[in-house]
2 protein chains.
Amino acid sequence: MSIEKVRSYLLELQDNIVATFGSVDGCEFTKDKWKKRAGEPLQGDGLTCILESGDIFERAGCGFSHVRGAKLPPTATQHRPELAGAPFEALGVSLVFHPNNPYAPTVHLNVRMLAAVAPSGETVFWFGGGMDLTPYYGFEEDAVHFHTMCKMAVTPFGADKYPKFKTWCDEYFYLKHRKEQRGIGGIFVDDFTEGGFANGFSLMQSIGNAFIPAYLPILEKRCDARFTQRERDFQLYRRGRYVEFNLVWDRGTHFGLQSGGRTESILMSMPPMVSWAYKRKPRSDTPEGDLYKHYLVRRDWI
Amino acid sequence: MSIEKVRSYLLELQDNIVATFGSVDGCEFTKDKWKKRAGEPLQGDGLTCILESGDIFERAGCGFSHVRGAKLPPTATQHRPELAGAPFEALGVSLVFHPNNPYAPTVHLNVRMLAAVAPSGETVFWFGGGMDLTPYYGFEEDAVHFHTMCKMAVTPFGADKYPKFKTWCDEYFYLKHRKEQRGIGGIFVDDFTEGGFANGFSLMQSIGNAFIPAYLPILEKRCDARFTQRERDFQLYRRGRYVEFNLVWDRGTHFGLQSGGRTESILMSMPPMVSWAYKRKPRSDTPEGDLYKHYLVRRDWI
């Protein structure tokens, strides 16, 4: 096991993603290196890359972080009660991109590794990751393409992986208080230890490397679509669901904010502009109604 | 003890507030009566009043609700472990008003009563309530006026009440992850049982009745102030903190969303339009910087 190798991969992945999408947008990402001060509950460092008010992206954040803490938080030990309170190390890359164009979907990627020292003195580690897509207007071909890329990324690790991670994603990105899926899903995996360090690291890399081919073609196809105030209004309204999910249900966001994580990096996922309105419900025979009926539901896309 | 009397008072208070501010705005509140369907986790009814895109209010919601449940939620039994899981009844009025004008502050009021049947068969009840003000631009005289009205409302119940409820408010409306107060505070009280039903009901009425004199003069003084895009941008940005507080920290919102409350009524508190930006920090010699330095901190206003 080499955490240094994981760190190098993650920094390279971030650099690659930021260079690619910065060039597509035409505006560069601002890079903000940070380091936790001695005495803070979490120790460690990170690199936050963010692009705001771009030509294509209204807000695109991509963060790397590598932290160490004295006590593994409860959110991370749901399936490992024996590790509650153990010293730990966590590193990962997390991104959320919010395009300007309402026809271009919001996307989320996260890949991470955790290591903890068990009471026995043994170091335990696991990998996690996933990506998911949140359209404002549904396109069947985009959903099929995104899911196909997800499937291709994880199938080398077993034929059972895509169905399992796809279902996990649907279950995780669900807004119970709205009875809605967050978007058309993708893949989500946590606590992955199968095949030891080498296999887990490979899976994480395979997911990370699939991000550009999964999202870029969709972005390029949709980012110049013509739209009016109607689509913009709907996009702003729907972005409210993104906020609700991340602040109410997302374990990572919640834990981070409550335990002394770096607020500005954690909240990079927030959309740049959002609206709420009372009981807004589009008619079912409109493209907006179609989104609810055919896309914000659990479906087998491929 | 008469829950019917409390219900009548709350409906009257709501009606009074909605009539007053509807008339000030010039647009009427939409009234939406609702009833929980049989089989839902909570039973009961409510009246949601909302005004959107008004002349003065961008979004103003004022809700009455009266629910019964089989099991008192943990958020309501922090100080009463013996009542965990007891059948309960809760009724209250809750409001959040978001004006268009960035010089006019957002305001929040909540008054409520809870009753639960203890394992002994005895009915236990308590009252709670409070109001607090969230300016985007600080005015010392507004803060003094608001706190004076709060103090006048609770002082008849004991000289210790205002200092105690003021501190409670400061502690409750605090964004730990930002190290900021939500606004200039006000009063907050929960679990009030002192002096029995009659005294608790009186306190609740006194707080409810203080709302119009506390807020209306401030609104009238600020709602026609001239402003530019700069103030509007800052208002939208600061409204993000309101969202963060309500979705991450507010016990009522959180419990409601996670336990099957009525989502559209609970989220009436969300601002109509909100923005987020990375590390936005105004210079300290600007009016925006002044808000952070002199208003979003704990201060004795009177």
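**Close-up views of a predicted two-chain model**

**View 1. Helices α1(A) and α4(A) are roughly parallel to each other (an angle under 35 degrees).** The model is predicted: local features need pLDDT of at least 70, side-chain atom pairs count only at pLDDT 80 or more, and totals for chains, interfaces and linings use all residues. Residues are numbered from 1 along each chain as its sequence is written, and chains are lettered from A in the order in which they are written. The axes of α1 (residues 3–25) and α4 (residues 196–222) of chain A, lines fitted to C-alpha atoms over the stretch in contact, come within 10 Å and cross at roughly 5°. Residues in contact (C-beta atoms, placed from the backbone, within 7 Å) include A:Tyr9 and A:Leu13 in α1(A) and A:Phe201 and A:Phe211 in α4(A). This contact has 7 nonpolar, 3 polar and no charged residues.

**View 2. The largest nonpolar core has 165 residues.** Such a core joins buried Ala, Val, Leu, Ile, Met, Phe, Trp, Tyr and Cys residues through C-beta atoms within 7 Å, buried meaning that 20 or more other C-beta atoms lie within 10 Å. Among the residues with the most contacts inside the core are A:Ile187 and B:Ile187. A:Ile187 touches A:Cys150, A:Val154 and A:Phe165, among others, not counting residues up to four places away in sequence.

**View 3. In the interface, 24 residues of chain A are in contact with 24 residues of chain B.** On the side of chain A that touches chain B, the largest share, 4 residues, comes from α5(A). The copies meet through the same surface, because 100% of the interface residues of chain A are also interface residues in chain B.

Note on methods: Two residues are in contact if their C-beta atoms, placed from the backbone, lie within 7 Å. A residue is buried if 20 or more other C-beta atoms lie within 10 Å of its own, exposed if 12 or fewer, and partly exposed in between; C-beta atoms are placed from the backbone. Axes are lines fitted to C-alpha atoms, for helices over the stretch in contact, and angles run from 0 to 180 degrees between N-to-C directions. Helices (H or I, at least four residues) and strands (E, at least two) are DSSP runs, numbered from the N terminus. Angles under 35 degrees count as roughly parallel, over 145 as roughly antiparallel, 65 to 115 as roughly perpendicular and the rest as oblique. Ala, Val, Leu, Ile, Met, Phe, Trp, Tyr, Cys and Pro count as nonpolar, Asp, Glu, Lys and Arg as charged, and the others, Gly among them, as polar.
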